[in-house]
Amino acid sequence: MSALIHSTAVLDAHVHIGEGSRVWHFVHISEYAAVGKNCVIGQNVFIGKGVHIGNGVKIQNNVSVYSGVHIDDDVFLGPSCVFTNVLEPRAFVEQKEAFGQTHVERGATVGANATIVCGNRIGRYSMVAAGAVITRNVAPYALVMGVPGRQRGWVCRCGQKVEHAPEDLPDRCSVHSS
């Protein structure tokens with residue numbers, strides 16, 4: 001099964017789209033970017049130069065994944081969430097060599113309209129609530145909400161709120177059947 005790419009999508013040179021992925025209306029994928037297998041890239045998404053997107057990733061409408069962002073397998077990016085790539089931007093100062101690196105680890109969720117400030121790591125199976133602003137690393141399995149984002153609890157691999165610390169939660173959810 002090959003990838004489905006909508007006719008309005010723009011794919012620059014040297015882009016790789018994995019088998020079974022779907023790329024929807026008005027998407028722009030920049031050169032040397034790679035999208036894994038079985039991904040869904042929603043309407044009006046921008047993927048920057050050299051960005052790596054793992055397998056099974058779902059990127060909802062209106063998300064920009066800029067150069068310097070790395071997305072692992074099974075990540076969910078909610079509608080209109082935002083990644084930054086420069087900490088101190090100025091229109092008149094060229095900073096393409098200073099892009100901050102952001103890593104979203106396996107199974108993490110970033111909610112709608114959340115902002116991820118560059119240079120941070122979003123831990124595996126963590127959940128960033130809608131509208132949160134992330135200004136520091138997010139621990140694996142952490143539930144983070146607010147402005148600025150603060151940890152408010154833990155979630156299991158399935159995304160359900162739990163009382164356990166991450167060292168008590170294996171990659172396979174023992175709390176909820178999956």
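Let's start inside the protein, at Cys81, which is buried with a relative accessible area of 2%. Keep in mind as you look around that this is a predicted model. The structure as a whole holds zero disulfides.

In soluble globular proteins, nonpolar side chains tend to be buried together. Here the largest nonpolar core has 40 residues. Those with the most contacts inside it are Ile41, Ile47, Ile59, Val65, Ile71, Leu77 and Phe83. Which elements give two or more residues to this core? They are strand E12, covering 69–71, and strand E21, covering 142–145.

Six strands make an open sheet in the order E3-E6-E9-E12-E15-E18, with parallel pairing. Which strands stand at the edges? They are E3 and E18 (121–122), and each has a single partner strand, so one side of each is left without a neighbour in the sheet. Further in, strand E9, made of residues 52–53, pairs with E12 in the parallel sense over two bridges. Along this pairing you can find His52 standing opposite His70 in E12.

Is Ser21 buried or exposed? Ser21 is buried, because its relative accessible area is 0%. The side chain of Ser21 reaches the backbone nitrogen of Asn38 at 3.2 Å. Beyond residues up to four places away in sequence, Ser21 touches Ala3 and Leu4, along with Val35, Gly36, Lys37, Asn38 and Cys39.

Finally, have a look at the aromatic rings. A pair of aromatic rings is described by the distance of the centres and the angle of the planes. The structure holds two aromatic pairs. One is formed by Phe46 and Tyr66, and it is tilted, with 6.0 Å centre to centre and 50° between the planes. This pair links distant parts of the chain, 20 residues apart: Phe46 sits in strand E8 (residues 46–47), while Tyr66 sits in the loop between strand E11 (64–65) and E12. Phe46 counts as partly exposed at 25% relative accessibility, and Tyr66 is partly exposed at 29%.

Tyr125 and Tyr141 also form an aromatic pair, this one stacked, with 5.7 Å centre to centre and 25° between the planes. Tyr125 lies in the loop between E18 and strand E19 (127–128), and Tyr141 in the loop between strand E20 (133–134) and E21, so the pair ties together parts that are 16 residues apart in sequence. Both Tyr125 and Tyr141 are buried.

Definitions and conventions. Residues numbered from 1 in each chain as written. Predicted model: local features only at pLDDT ≥ 70, side-chain atom pairs only at ≥ 80, totals over all residues. Heavy atoms only, no water. Disulfide = S-S within 2.5 Å. Buried < 20%, exposed > 50% of the residue type's maximum accessible area, 1.4 Å probe, protein only. Core = buried A, V, L, I, M, F, W, Y, C linked by side-chain atoms within 4.5 Å. Helix = DSSP H or I, 4+ residues; strand = E, 2+ residues; numbered from the N terminus. Polar contact = N/O pair within 3.5 Å; in protein donor to acceptor, adjacent residues only side chain to side chain. Contact = heavy atoms within 4.5 Å. Pairing = 2+ DSSP bridges. Phe/Tyr/Trp six-rings, centres within 6.5 Å; stacked < 30°, edge-to-face > 60°.
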